Amino acid sequence: MEKSNRAKRWSLSDMTALVTGGTKGIGHAIVEELAELGAVVHTCSRNEAELNKCLQKWADMDLLVTGSVCDVSSRAERERLMERVRSIFHGKLTILINNAGTSIAKPTLDCTAEDYTYLMSTNLESSFHLSQMAHPLLKASGRGSIVFISSITGVMAFKNFSIYSATKGALNQLTKNLACEWANDSIRTNCIAPGPIATSLLKSLFNDEELVAKLVSRIPLGRMGEPEEVASLTAFLCMPVASYINGQIICVDGGRVVYDS
């Protein structure tokens, strides 16, 4: 019996999850990690072809994953997404992973009003609004867990990422507020701040080998991270074993934020 209880504490069985932006990079790894650990997962993507390809792959792996086409920068599409989640999971949701996001690398003086609106709506407003709409579903589950995926750019400065960094810093603060405000509703809220992770988004921003070498040189572990290394912590934070972890911003960065030379 004791062994069985311990196994349950390290499992996501009987849990339901919504993961935004689940067809690429960190989101894709999170979907697979949660599903392989027993959760029933719903995800979304702007790209219907990519979504269908991933759904077929997950079906072939016998993972319980469904999906919706959704641009999280659109309020109307977010509302449709959450209504579908409500229907699929019968009004209860255990896990919300606010992962979807994008970036624009520009000097601050070159940033436009359109850049600002696009990044704020995609990275920050979507996470705030989805959390609001998910609240009654998470509360109804009696053991809700929200995980925001922010970035170490939200805790330290990087050249040409002023708007992106502002959205991620805001997610860090939102984590703390919701952790306090919704704890009495049995909803824990935490945040993961990844450092440089080898995803297609990062590769498109850092396509200069010299720049990448410079970036890696300031990471104590001497390499970029892999999406799976973020996904494993995400899953842990949603498990019963992490039931007393709330309001934390955890950097997964190979030691980059503590590098002081």
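How exposed is Glu-229, and at what relative accessibility? At 32% relative accessibility, Glu-229 counts as partly exposed; residues are called buried under 20% relative accessible area, exposed over 50%, and partly exposed in between, with a 1.4 Å probe and protein chains only. The structure is a predicted model, in which local features need pLDDT of at least 70 and side-chain atom pairs count only at pLDDT 80 or more, while totals for chains, interfaces and linings use all residues. Residues are numbered from 1 along each chain as its sequence is written, and side-chain values use heavy atoms, with hydrogens and water left out.

Seven strands form an open sheet with parallel pairing, in the order β3-β2-β1-β4-β5-β6-β7. Strands (E, at least two residues) and helices (H or I, at least four residues) are DSSP runs numbered from the N terminus, and two strands pair if DSSP finds at least two bridges between them. The edges are held by β3 (65–69) and β7 (249–252), each with a single partner strand, so one side of each is left without a neighbour in the sheet. From one strand to the next, the twist averages 20°; axes are lines fitted to C-alpha atoms, for helices over the stretch in contact, and angles run from 0 to 180 degrees between N-to-C directions.

Two of the pairings can be followed in detail. Strand β1 (residues 16–19) pairs with β2 in the parallel sense over four bridges, and the bridge partner of Thr-16 in β2 is Val-40. Strand β2 itself spans residues 40–45, and five of its six residues are buried, so β2 is largely enclosed by the rest of the structure. Strand β4 (residues 95–98) likewise pairs with β5 (residues 144–149) in the parallel sense over four bridges. Here Asn-98 has Phe-148 of β5 as its bridge partner.

Helix α5 (residues 113–141) lies across β4, β5 and β6 (187–194) and runs at about 170° to β4. His-129 belongs to this helix and is buried, with a relative accessible area of 4%. Apart from its neighbours within four places in sequence, His-129 is in contact with Arg-75, Arg-78 and Glu-79, contact meaning heavy atoms within 4.5 Å. Arg-80 has its place in helix α4 (residues 75–88). Arg-80 is exposed, with a relative accessible area of 55%. Its C-alpha atom is separated by 9.2 Å from that of Ser-68, 12 residues apart along the chain.

Charged side chains form another set of links. Side chains of opposite charge can pair when their charged atoms come close. A salt bridge is taken here as a side-chain nitrogen of Lys or Arg within 4 Å of a carboxyl oxygen of Asp or Glu, and by this rule the count comes to seven. One of them joins Lys-57 and Glu-32, at 2.7 Å from N to O. Lys-57 lies in helix α3 (residues 48–60) and Glu-32 in helix α2 (residues 25–36), so the pair ties together parts that are 25 residues apart in sequence. Lys-57 is partly exposed at 35% relative accessibility, whereas Glu-32 counts as buried at 14%.

Another salt bridge links Asp-185 with Lys-139, their closest N and O atoms being 3.6 Å apart. Since Asp-185 is in the loop between α6 and β6 and Lys-139 in helix α5, this pair ties together parts 46 residues apart in sequence. Asp-185 counts as buried at 17% relative accessibility, while Lys-139 is partly exposed, with a relative accessible area of 45%. Glu-229, the residue of the opening question, forms a salt bridge with Arg-223, the closest N and O atoms being 2.8 Å apart. Arg-223 counts as partly exposed at 38% relative accessibility.

Val-155 sits in the loop between β5 and α6 (162–181) and is partly exposed, with a relative accessible area of 47%. Together with Val-257 and Val-258, Val-155 forms a nonpolar patch on the surface, with about 250 Å² of accessible area in all. Patches are made of residues with over 30% relative accessible area and no salt bridge, like charges being joined within 9 Å and nonpolar side chains (Val, Leu, Ile, Met, Phe, Trp, Tyr) within 5 Å; accessible areas come from the Shrake-Rupley method with a 1.4 Å probe, and for residues only the protein chains shown count as cover. Ala-170 lies in helix α6 and is partly exposed, with a relative accessible area of 26%. Ala-170 and Ser-150 are 20 residues apart in sequence and 8.8 Å apart in space, C-alpha to C-alpha.
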